[in-house]
Amino acid sequence: MKKQNKNAIRTRDSILIVAASFLLALLVGGLILLLQGENPLVAYRYLLIDPLVSKNGLLKVLGKATPLIFTGLAATLAFRCNVFNIGLEGQLYAGALTAAVLGYTLQGLPAWLHLSICFAGAMITGALCALIPAWLKVKFGVHEVITTIMMNYIISNMISMLVINYFRNPGETARTPYVLDTARLTQFKAPEQVNTGLIIGVVLCFAAYWVFSRTVFGFRVNSAGKNLVAARYSGINADRLIIVTMMLSGAIAALGGLERSLGAFGYMEVNFSPGFGYDGLAICIIARMNPLGVLVVALLMGLMSYGGLNLNIMTAVPIEWVRVLTGLIFAFVVIGNTLLERRGGVLFRKKVLLKEDAV
Amino acid sequence: MTVSIASILARMFASATPIALAGIGGLFGERSGIANIGLEGTMLFSAFAAAVGSYYSGSPWIGLICGAACGVFVSLIHAFLCITVRVDQIVIGLVINIFATNTTVYLLSALFQNKGASPTVTKLPYITVPLLNGAPWMEELFSNISLLTVLMIVTMLAAQFLLYKTRFGLHVLASGQNAKAAFVMGVEVKKTQYLAVMIGGFCCGLAGSYLSISYLNMFVKGMVSGRGFIAIAAILIGRYNPLGVLAASLFFGLADASQMALQGILSIPNELVQSIPYILTILVVTISEWRSRKRCSQLSV
């Protein structure tokens with residue numbers, strides 16, 4: 001009982017930390033705006049309030065948040081097992097291309113079958129991209145940070161090569177043709193980017209929450225992530241677990257790409273991602289590896305992402321300022337969490353005392 | 001276009017310079033017990049600072065000072081967060097990288113109204129080694145060397161000396177191997193780590209400056225393009241000592257140089273050729289980790 005109590009405080013504390021970091025980041029961001037000669041209050045109205053008061057704005061926010069939900073969740077899966085999957089960006093692109101190519105080449109299939117094939121294809125590609133670093137880590141002890149980053153550069157090169165040489169829409173510079181109607185994810189309101197991918201993402205978040213708090217697999221991942229040696233001694237096959245979580249992580253990141261290809265745009269373009277994969281890592285850490293937290297933080301990021309566009313139109317503030325703001329939040333949350341953990345007397349390596357500990 | 005061996009070698013040194021400098025930067029932190037995944041971001045910040053310094057002052061030397069100072073400053077923040085606040089070292093590296101990517105682009109657009117690149121700036125002078133340009137191939141190799149390439153080799157030798165032959169170096173090694181034992185022996189562990197990380201930041205700053213005011217003559221968005229991570233690979237392959245890092249960097253430099261040379265010649269797509277350094281990095285790191293693992297298991301038997 002006592003432990004549960006303590007955990008409840010920690011959840012509340014971590015929400016407080018995120019809120020405080022957000023406000024602090026707004027403060028620092030406001031100072032930057034003042035230096036640039038803009039009025040921060042006006043800017044924040046365009047950034048945070050304006051998108052939420054109109055229906056169109058809300059839809060746009062949801063559309064911007066969708067890929068972030070997938071990448072945030074993907075980062076969380078791997079990170080729970082203490083693996084840093086920095087290769088999300090590459091896995092996302094791989095999934096997006098596979099989905100788009102399957103989406104426009106396979107003709108005459110019923111929609112359910114066509115979509116299933118696209119989903120399977122994208123997930124397998126993403127999982128395979130993540131398998132290489134996972135296998136190298138388990139088999140040879142190569143740190144995944146180096147391999148996943150290198151994979152990002154390699155995949156990005158491969159994607160441009162494939163799109164430009166083989167899958168290019170005639171007359172366009174670097175994008176595939178539109179996918180067939182049978183492979184499109186239904187858009188809620190045509191010109192906006194929101195589509196059924198959003199629902200899939202939300203369902204996945206809840207599913208992940210359930211897996212981590214209620215299943216044996218989730219328990220194993222948590223234990224391996226917290227103390228690999230102890231987990232091994234208790235009979236958990238940690239190597240297999242690392243490979244499985246990495247592949248799942250890659251598959252989910254690939255779904256984020258699929259959502260862009262089949263849902264938001266209807267085609268795949270080289271360099272379409274403004275860093276969804278890297279944002280996913282930030283989201284995962286801000287949300288303290290909690291899948292439901294990922295959902296909330298991703299929506300917040302979506303708001304800031306669309307609000308940033310809005311701001312860019314209305315004032316002279318460049319959109320990158322919003323990304324600086326995101327970076328500030330990220331940094332403050334990391335520092336705040338560490339200070340909180342130190343006060344709680346937890347050793348510095350471990351990030352979170354999860355609610356699921358009590359299970 | 002004819003490709004001579006001398007020109008490939010010259011390019012090898014040019015490509016190896018930033019990797020070696022950043023590698024030595026990471027090495028100091030690593031040997032003192034502070035892992036630095038943020039080399040990439042530190043280089044990016046420094047490259048930007050160097051370009052801005054050179055642009056506004058008109059003097060590349062001021063740019064170089066700005067770049068190096070920026071490297072020291074970023075590493076000071078890194079050291080503070082790692083040593084005093086004790087944030088997870090990999091996470092803080094990620095923060096620095098993400099922050100650097102976004103902040104440099106923001107500053108580009110705020111200062112120059114251009115999100116892709118800065119205006120052109122004055123470069124550092126290139127030098128020619130006077131005695132060694134007798135034969136034509138020597139001329140190709142020993143003329144037009146970036147000042148920072150020369151500085152890189154000096155830095156490597158200095159680092160080797162500093163790390164293994166001085167009191168401070170031994171303190172660094174001791175702090176990295178066993179901080180508690182070092183503390184008991186009277187080493188000021190935190191101070192040593194701060195100093196080591198900041199020396200590393202200085203080298204990283206030189207690496208970043210090299211990219212923007214010597215290799216190119218402007219800052220380009222995301223111009224470090226993985227060199228910071230290749231530098232980490234070079235540290236691993238070089239078995240955590242400066243001359244090893246130099247050798248590994250030269251290897252990566254050679255890969256990059258042959259990649260550039262191959263681009264026009266082979267009939268395979270350029271994107272594949274451009275991936276060669278990254279693929280090689282994965283392969284070489286794997287082999288090196290595998291060998292060290294084998295050696296460890298032999299020891300324990």
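This is a predicted model: local features need pLDDT of at least 70, side-chain atom pairs count only at pLDDT 80 or more; totals for chains, interfaces and linings use all residues.
**View 1. Chain A as a whole.**
Chain A has 13 helices and zero strands. The C-alpha trace spans about 65 × 55 × 35 Å along the principal axes of chain A. A compact globule with 359 residues would have a radius of gyration near 21 Å. Chain A has 21 Å, which agrees. Buried residues account for 53% of the 359 residues of chain A. Now take the contacts in chain A between residues at least 6 apart in sequence. Of these, 79% join residues at least 24 apart.

**View 2. Chain B as a whole.**
Chain B has twelve helices and two strands. Starting at the N terminus, the order of elements in chain B is α-α-α-α-β-α-β-α-α-α-α-α-α-α. Along its principal axes, the C-alpha trace of chain B spans about 60 × 50 × 40 Å. For 301 residues, a compact globule would have a radius of gyration near 19 Å. The value for chain B is 20 Å, which agrees. Of the 301 residues in chain B, 52% are buried. Contacts in chain B between residues at least 6 apart in sequence include 74% that join residues at least 24 apart.

**View 3. Where chain A meets chain B.**
Here 38 residues of chain A are in contact with 37 residues of chain B. Look at the side of chain A that touches chain B. The elements of chain A that give two or more residues to this side are α5 (111-140), α6 (144-165), α11 (276-286) and α13 (320-343). By class, this side of chain A has 25 nonpolar, eight polar and five charged residues.

**View 4. Helices α3 and α12 of chain A.**
Helix α3 (residues 55-80) and helix α12 (residues 291-314) of chain A cross at roughly 135°. Their axes come within 7 Å. Angles from 65 to 115 degrees count as roughly perpendicular, and those over 145 as roughly antiparallel. The crossing of α3(A) and α12(A) is right-handed. On the α3(A) side, the residues in contact include A:G57, A:V61, A:A65, A:L68, A:I69 and A:L73. On the α12(A) side, they include A:P291, A:V294, A:L295, A:A298, A:G302 and A:Y306. The contact of α3(A) with α12(A) has 15 nonpolar, five polar and two charged residues.

**View 5. Helices α8 and α10 of chain A.**
Helix α8 (residues 216-226) and helix α10 (residues 238-265) of chain A have their axes 10 Å apart. They pack at an angle of about 110°. That makes α8(A) roughly perpendicular to α10(A). From α8(A), A:R220, A:V221 and A:A224 make the contact. From α10(A) come A:A238, A:L241 and A:T245. The residues of this contact of α8(A) with α10(A) are four nonpolar, one polar and one charged.

**View 6. B:S146 and its surroundings.**
Find B:S146 in strand β2 (residues 145-146) of chain B. B:S146 has 20 C-beta neighbours inside 10 Å. A residue with 20 or more counts as buried, so B:S146 is buried. B:S146 and B:Y126 are 20 residues apart along the chain. Their C-alpha atoms are separated by 4.7 Å. Leaving out residues up to four places away in sequence, B:S146 touches B:A14, B:T17, B:L124, B:Y126, B:Y210 and B:S214.

**View 7. A:N82, a loop residue of chain A.**
A:N82 is in the loop between α3 and α4 (88-105) of chain A. A:N82 is not a glycine, although it has a positive phi of about 60°. Within 10 Å there are 20 other C-beta atoms, and A:N82 is buried.

**View 8. B:Y240, a loop residue of chain B.**
B:Y240 is in the loop between α10 (227-237) and α11 (242-265) of chain B. B:Y240 has a positive phi of about 60° and is not a glycine. B:Y240 has 16 C-beta neighbours inside 10 Å. Buried needs 20 or more and exposed needs 12 or fewer, so B:Y240 counts as partly exposed.

Technical notes. Residues are numbered from 1 along each chain as its sequence is written. Chains are lettered from A and ligands numbered from 1 in the order in which they are written. Two residues are in contact if their C-beta atoms, placed from the backbone, lie within 7 Å. Helices (H or I, at least four residues) and strands (E, at least two) are DSSP runs, numbered from the N terminus. Ala, Val, Leu, Ile, Met, Phe, Trp, Tyr, Cys and Pro count as nonpolar, Asp, Glu, Lys and Arg as charged, and the others, Gly among them, as polar. The radius of gyration is taken over C-alpha atoms; the globule rule is 2.2 Å times the number of residues to the power 0.38. Axes are lines fitted to C-alpha atoms, for helices over the stretch in contact, and angles run from 0 to 180 degrees between N-to-C directions. A crossing is left-handed if the near helix is turned anticlockwise from the far one by less than a right angle, and right-handed if clockwise. Angles under 35 degrees count as roughly parallel, over 145 as roughly antiparallel, 65 to 115 as roughly perpendicular and the rest as oblique.
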